[in-house]
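Let's take a walk through this protein together, from a pair of helices to the core and then to a few individual residues. Have the structure open and follow along as we go.

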Amino acid sequence: MTNTYFTPGPAELYPTFAQHLRTAMDEQIGSISHRSQRFRDIYRYTDEQLRTLLNIPASHGIYFTGSASEVWERMLLNCVEHESFHMVNGSFSRKFYDYALSLHKFAHINEKPFGQGFDAAEIDVPDYAELVAITHNETSSGVQFRPTEIHKLKRKYSKKLFCVDMVSSAPYPDLDFALVDSAFFSVQKAFGMPAGLGVWIANEACLEKAERLQQYESMTIGAHNTLPMLHKHYQTFETPATPNVLFIYLLGKIAADLNKTGIAAIRRQTEDRAKQIYKFLESNDGFTPFVKEDRHRSQTVIVAETTRPAAEVIAAVKEADMIVGSGYGKFKDGQIRIANFPATSAEQVGKLLARLREVG
């Protein structure tokens, strides 16, 4: 029996992944040059599909990196001269902040306890912060930062660059890219692919900032995958260095499949499954939703506290050929995480909850 993965990344592979992979192997996609017309066509196609899926305007470029973690560093080097501001409520938003400190930026932090979320009205961005770093969905704690709140904050601080980490939620969040300057994700979560590709979306304001900083002799914007270099090659749908051509191809195909379903339907299905899971957690004595405020609860990575040791719950679920994630860090022994990505259906979620009811 094949396992069904409800893990928050790497996650369940998208149902059409194997079919697209076989086609890629038949067409020898892994062997083509990234300077060939075939690759340029692949890049263009993936770009078009992502633009449709995420409603990305022409003002933003779509660039490929090795991972989303790489984008933390690229963003900080290319778009921050002195100061950044980070909203932290979990381990991954904290890592973005830690990267800023490692790069010797003056990093401001607004930190909430693990499992609590942010609302725009309570946030004051420091006057001299150039970049506002927001995590839409905190993978470690199951907290979401609602797009409407992100947009409110940007309108209040319109002259600052806003960068949104949407690693464990894209394509679910309905971000307004007329307001969001940059966003990024990796493919091993909701896009249902193996790890190995990051996607960086950045607008002209980010590019202009990088080009200005590049002129300063006293600082560096890096040497690998700088934003000006990525954008230069993007004009002809190429990349500065040899990319993961196979995964760019597969991402385009899966994005096209998601477009066939339609982003409105994907969001509605995601919310319906999340409602199903949270209702179960609230009505079952063995589990409790970790995030208490409904408006802050993630729709894509749901964290539950367990009355039994989490390892026992995970093992019992695995006996039924389903894999759920463990709690993150110090919460490992008392929590499980359930990914709610497009690759898993409402029927599969129903089977998972039935098993959790038996073992909880």
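An axis here is a line fitted to C-alpha atoms, for helices over the stretch in contact, and angles run from 0 to 180 degrees between N-to-C directions. Helices (H or I, at least four residues) and strands (E, at least two) are DSSP runs, numbered from the N terminus. This is a predicted model, in which local features need pLDDT of at least 70 and side-chain atom pairs count only at pLDDT 80 or more, while totals for chains, interfaces and linings use all residues. Residues are numbered from 1 along each chain as its sequence is written, and side-chain values use heavy atoms, with hydrogens and water left out.

Start with helix α10 (residues 310-319) and helix α11 (residues 346-359), which pack at an angle of about 130° with their axes 10 Å apart. The two helices are therefore oblique to each other; angles under 35 degrees count as roughly parallel, over 145 as roughly antiparallel, 65 to 115 as roughly perpendicular and the rest as oblique. From α10, Val313, Ala316, Val317 and Glu319 make the contact, and α11 brings Leu352, Arg355, Leu356 and Val359 (contact means heavy atoms within 4.5 Å).

Now turn to the interior. A nonpolar core is a set of buried Ala, Val, Leu, Ile, Met, Phe, Trp, Tyr and Cys residues joined through side-chain atoms within 4.5 Å, where buried means under 20% relative accessible area, exposed over 50%, and partly exposed in between (1.4 Å probe, protein chains only). The largest nonpolar core has 82 residues, of which Met87, Phe184, Phe185, Trp200, Leu227 and Leu251 touch the most other members. Helix α8 (residues 245-261) gives the most to this core, with 10 residues. A second, separate core of 23 residues includes Ala274, Tyr278, Val324 and Ile338.

Helix α5 (residues 147-156) also has buried residues, among them Ile150 and Leu153. The buried residues of α5 pack against β3 (83-88), β5 (131-135) and β8 (161-165).

Finally, is alanine 24 buried or exposed? Alanine 24 lies in helix α1 (residues 17-26) and is buried, at 0% relative accessibility. Beyond its neighbours within four places in sequence, alanine 24 contacts Ile29, Leu246 and Tyr249. Glycine 196, in the loop between β9 (182-186) and β10 (198-203), is partly exposed, with a relative accessible area of 29%. Not counting residues up to four places away in sequence, glycine 196 touches Gly66, Asn244 and Phe247.
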